[in-house]
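Subject: Structure handover

Hi,

Here is the structure for you to look through. Please open it first, then read my notes below.

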There are 2 protein chains.
Amino acid sequence: MPQATPDPESRTRRRGRPAGARAGDAGTRDRILAEARTEFSERGYDKTSIRSIARAAGVDSALVHHYFGTKEQVFAAAIELSIAPVLGAPGALTGDPSQLAERLARFMFGIWESPGTREPLLAILRSAVSNEAAAAVFRDMVTQRLLLPVAGGLDVDRPELRAQLAAAQLIGIAMLRYVIKAEPLASADIDEIVAMVTPALQGYLT
Amino acid sequence: MPQATPDPESRTRRRGRPAGARAGDAGTRDRILAEARTEFSERGYDKTSIRSIARAAGVDSALVHHYFGTKEQVFAAAIELSIAPVLGAPGALTGDPSQLAERLARFMFGIWESPGTREPLLAILRSAVSNEAAAAVFRDMVTQRLLLPVAGGLDVDRPELRAQLAAAQLIGIAMLRYVIKAEPLASADIDEIVAMVTPALQGYLT
C-alpha cells in the first residue's frame, strides 16, 4: 500500500520531541514527509531543498532537520513510501517454480499500470537518473529491501546478479513504455508483453 | 564515431547563410552545436535554453534559431552526434543467426564501456527521463534510425515489439550498471553478463 504510513506517534516518541515543538505536533512529521514527497516528485531532487520542504509544510527548516536529518535522509524517508508496493516482489517468488517469472512480471506490471503507484516510482527514477546522491539512496534501499530478499529466494548460481538482470529487463520495459513512450511497446497489451518476457525472466531466475 | 561531424560547409550552404552572418563563419554552426551538446550534457534539457547556448558559443540567439530552429531541434541535432555510435547496431545483425544476440550484446557493451561514447548517451537518457519534449525527440530519433532498421532485419512475428524488449533489456542493464551503479552488476565482468543475457536476447530476436 503506497499510502500506508508508519505510526507517527511511535516514531516521534522514539526520536524524541524537537526542541520547542508543542504538544499536539504529532502530525507534523507526517505533514513534512507528505510535502517532501510532493516536492521531490514535482521539482526533482536537485531543485528540492530542506528549505523548500519546510516552506511547503509551513515549518522551520530546523524541524525538518530534526525529524529527518539531511536532504538525502528526507529523500530516503520519502521514497520509502513510494517503493512500498514494489517490496511485495519477494512474495511473488513463492508457489510453483515454473510460473515464477510470470508471477513476477504480472506483479510488476500491476504496479506500473496503476498511475497511483506508477507516478511515485517514476519520480524516484527521474531523481536517481539525474542526481548521484539520489541514485545512492535509491540503490541502497533497493538492494537491502528488494534485491537481497529476492535473490535469497532463488535456487541458482549468482542469484544476485541474475535477480538484477531480471530487474533490468523490467526497468527497461518501464523506461520505454511509461517514460519514453516508444511504440509499439507503449500501447502493447500487457498479456502479450508478459508472454514474450516470461521466458527471458524464467531463464534468469530458475 | 561520436566525434564524426557532418561537413559543416555543405550544411551551411544547404540551409543558406544567416542574415548578417559574415563570410568565414562556416565553423559557427559547428561551434554552436558543440556548445549545445555541452550545455545539454552538463545542465540537462530543462536548464538549457537557446539563450544559454548562444551565450556559450559567443553568438546572438537569433543565429542559433537560424541554424537549428527551436530548442527541441537543437536538441535533436545535438543528440544525433551522441547516438551515432549506437546506429551501427543493425550491422550487428548480419552473420550467423545463432550468434546474433551475442554480437548485439557485445556491440552495445563496447559503446557503454567506453566513457567517450557512454557519457553523451547517459546525458541524453537523463534529459529524456526528466523532460517530455526531450523524450519525444529521443523516441522519434531512436525509432526511425535504430528500431525500424533493426526490426526490419529480424525474421520473427512482431519484430518491432521484440526488438524493443531486447533494447529494454540492454537499457535496463545500462541503468543499473552505469547510472544507479548497483552491485554486483556494476562491477561484474562483461563476459559473464554477456553469457547470461545472450539467451534472453536470442529468445526475442530469433
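In which hand does α5(A) pass α8(A)? The crossing is right-handed. Keep in mind that this is a predicted model.

**The fold of chain A**

Start with the overall layout. Chain A has ten helices and zero strands. Read from the N terminus, its elements run α-α-α-α-α-α-α-α-α-α. Of the 206 residues in chain A, 37% are buried. Now take the contacts in chain A with a separation of 6 or more: 64% of them join residues 24 or more positions apart.

**Two helix pairs**

Two packed helices are described by the angle between their axes and the distance between the axes.

Back to the pair from the opening question. In chain A, helix α5 covers residues 71-83 and helix α8 covers residues 132-152. Their axes come within 10 Å and cross at roughly 50°. That angle is why α5(A) counts as oblique to α8(A). From α5(A), the contact uses A:E72, A:F75, A:A76, A:I79, A:E80 and A:I83. From α8(A), it uses A:A133, A:A134, A:V137, A:F138 and A:M141. By class, that contact has nine nonpolar residues, no polar ones and two charged ones.

The second pair is in chain B. The axes of α8(B) and α9(B) come within 9 Å, and they cross at roughly 120°. That makes α8(B) oblique to α9(B). Here α8(B) passes α9(B) in a right-handed crossing. On the α8(B) side, the contact is made by B:L147, B:V150 and B:A151. On the α9(B) side, the residues are B:P159, B:E160, B:A163 and B:Q164. The contact of α8(B) with α9(B) has five nonpolar residues, one polar and one charged.

**One residue up close: A:A134**

Find A:A134 in helix α8 of chain A. Is A:A134 buried or exposed? A:A134 has 26 C-beta neighbours inside 10 Å, so it counts as buried. The cut-off for buried is 20 or more. Which residues does A:A134 touch, leaving aside its neighbours within four places in sequence? A:A134 is in contact with A:Y45, A:F75, A:S127 and A:A128. Look also at A:G44, which is 90 residues from A:A134 along the chain. The C-alpha atoms of A:A134 and A:G44 are separated by 9.9 Å.

**Where the chains meet**

How many residues does each chain give to the contact between chains A and B? Chain B gives 35 residues and chain A gives 35 residues. On chain B, four helices each supply at least two residues of the side that touches chain A: α7 (115-130), α8 (132-152), α9 (159-179) and α10 (190-205). The largest share, 14 residues, comes from α9(B). The side of chain B that touches chain A divides into 23 nonpolar, seven polar and five charged residues.

The same surface serves both copies, as 100% of the contact residues of chain B recur in chain A.

**Backbone details to check**

Most residues other than glycine have a negative phi, and most peptide bonds are trans. Here are some exceptions.

- The peptide bond from A:E183 to A:P184 is cis, with omega near 5°. A:P184 sits in the loop between α9 and α10 of chain A.
- In chain B, a cis peptide bond joins B:E183 and B:P184, with omega about 5°. B:P184 is in the loop between α9 and α10 of chain B.
- A:K181 is not a glycine, yet its phi is positive, near 55°. A:K181 is found in the loop between α9 and α10 of chain A. A:K181 has 15 C-beta neighbours inside 10 Å, so it counts as partly exposed.
- B:R158 also is not a glycine, and its phi is positive, about 50°. B:R158 lies in the loop between α8 and α9 of chain B. With 16 other C-beta atoms within 10 Å, B:R158 is partly exposed.

Best wishes

Technical notes:
Residues are numbered from 1 along each chain as its sequence is written. Chains are lettered from A and ligands numbered from 1 in the order in which they are written. This is a predicted model: local features need pLDDT of at least 70, side-chain atom pairs count only at pLDDT 80 or more; totals for chains, interfaces and linings use all residues. Two residues are in contact if their C-beta atoms, placed from the backbone, lie within 7 Å. Ala, Val, Leu, Ile, Met, Phe, Trp, Tyr, Cys and Pro count as nonpolar, Asp, Glu, Lys and Arg as charged, and the others, Gly among them, as polar. Axes are lines fitted to C-alpha atoms, for helices over the stretch in contact, and angles run from 0 to 180 degrees between N-to-C directions. Angles under 35 degrees count as roughly parallel, over 145 as roughly antiparallel, 65 to 115 as roughly perpendicular and the rest as oblique. A crossing is left-handed if the near helix is turned anticlockwise from the far one by less than a right angle, and right-handed if clockwise. A residue is buried if 20 or more other C-beta atoms lie within 10 Å of its own, exposed if 12 or fewer, and partly exposed in between; C-beta atoms are placed from the backbone.
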